[in-house]
Amino acid sequence: MTPGLLVPLLDYAAVLVFALTGALVASRAQLDLVGFIFFATLTGIGGGTVRDLILNRDAIFWVGQPELILLTSGAAVLVFFTAHLFESRYRLIVWLDAFALSVAVPAGAGIALQAGVSPVVVVAMGVVTGTFGGLIRDVVGNELPMVLKQGELYVTAAFGGAVAAVVLIGVGMPRPVALIFCGLVVMALRAGSLLLGWSLPTYRARPPRADKNNR
């Protein structure tokens with residue numbers, strides 16, 4: 001599979017799955033159908049919009065592909081009529097979000113690679129594409145943002161996957177294969193955090209040292 005085919009496929013998948021999570025958040029807020037569509041669309045296109053603005057692309061991706069709005073709207077309608085079937089909608093949101101993250105990060109990195117930017121920017125665009133849609137969803141929905149949950153790998157998972165893609169491409173791996181490995185790394189880190197409690201050390205506040213002059 002060529003990068004020209006894989007990257008748009010990843011972008012479409014990320015939009016769809018993130019849209020499903022946005023609609024599920026709308027169901028938790030008990031919104032009407034228009035609210036579902038709003039949340040699904042905001043979440044589905046949020047990360048990619050920020051990415052395209054930063055990269056100064058000729059057209060924001062969904063402006064050039066308006067069918068993506070129909071895709072997010074369809075996802076919203078689907079969830080509106082089926083959300084009640086799931087016993088734990090929050091758990092479903094978490095795992096759908098993890099999958100969306102694992103396809104959005106390589107999509108963002110792939111688009112940045114096509115733009116010819118530096119490896120540092122490639123990593124940053126992978127992280128931005130993967131995290132901003134969910135961040136916007138949670139902030140607007142008055143939910144605790146998943147990116148800020150203590151003791152979980154989220155941004156770290158996105159960062160690790162994007163770095164893996166850059167390193168693998170740097171050592172000569174074909175770009176499509178490297179992007180697939182990127183997604184696998186993201187999913188492995190996120191799933192490991194959710195299932196096994198993987199995390200990084202967090203900052204712990206310490207009492208200030210006593211000033212010897214005040215003793």
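On a 1 Å grid over the protein atoms alone, a pocket is an open set of points with protein on both sides within 12 Å along at least five of seven lines, and its lining residues have an atom within 4 Å of a point. The structure is a predicted model, in which local features need pLDDT of at least 70 and side-chain atom pairs count only at pLDDT 80 or more, whereas totals for chains, interfaces and linings use all residues. Residues are numbered from 1 along each chain as its sequence is written, and side-chain values use heavy atoms, with hydrogens and water left out.

The largest pocket has a volume of about 180 Å³, a volume being the space filled by probe spheres set on the grid points, which are joined across faces, edges and corners. Its lining consists of Val7, Pro8, Asp11, Tyr12, Arg57, Ala59, Phe61, Gly64, Gln65, Ile111 and Gln114. Helices H1 (3-28), H3 (61-64) and H5 (89-115) each supply at least two residues of this lining; helices are DSSP runs (H or I, at least four residues) numbered from the N terminus. The greatest contribution to the pocket lining is that of H1, with four residues. By class, the pocket lining has six nonpolar, three polar and two charged residues (Ala, Val, Leu, Ile, Met, Phe, Trp, Tyr, Cys and Pro count as nonpolar, Asp, Glu, Lys and Arg as charged, and the others, Gly among them, as polar).

One cavity of 30 Å³ or more is present, a cavity being a set of points where a 1.4 Å probe fits but cannot get out. The volume of the largest cavity is about 60 Å³. Of the 13 residues that line the largest cavity, Ala14, Val15, Gly44, Gly48 and Thr129 lie nearest its centre. At least two lining residues come from each of H1, H2 and H6 (119-140), and H2 gives the most, with five. The cavity lining comprises six nonpolar, six polar and one charged residue.

H2 also packs against H6. The axes of H2 and H6 come within 8 Å and cross at roughly 150°, where axes are lines fitted to C-alpha atoms over the stretch in contact and angles run from 0 to 180 degrees between N-to-C directions. H2 and H6 are therefore roughly antiparallel (angles under 35 degrees count as roughly parallel, over 145 as roughly antiparallel, 65 to 115 as roughly perpendicular and the rest as oblique). The crossing of H2 and H6 is right-handed, that is, the near helix is turned clockwise from the far one by less than a right angle. The residues of the contact of H2 with H6 divide into twelve nonpolar, seven polar and two charged, contact meaning heavy atoms within 4.5 Å.

The crossing of H2 and H4 is right-handed. Leu33, Phe36, Ile37, Ala40, Thr41, Gly44 and Ile45 in H2 meet Ile69, Thr72, Ser73, Ala76, Val77, Val79 and Phe80 in H4. The contact of H2 with H4 has ten nonpolar, four polar and no charged residues.

The axes of H5 and H7 (residues 155-170) come within 10 Å and cross at roughly 45°, which makes H5 oblique to H7. The contact is made by Leu101, Val105 and Leu113 of H5 and Ala157, Ala158, Ala162 and Ile169 of H7.
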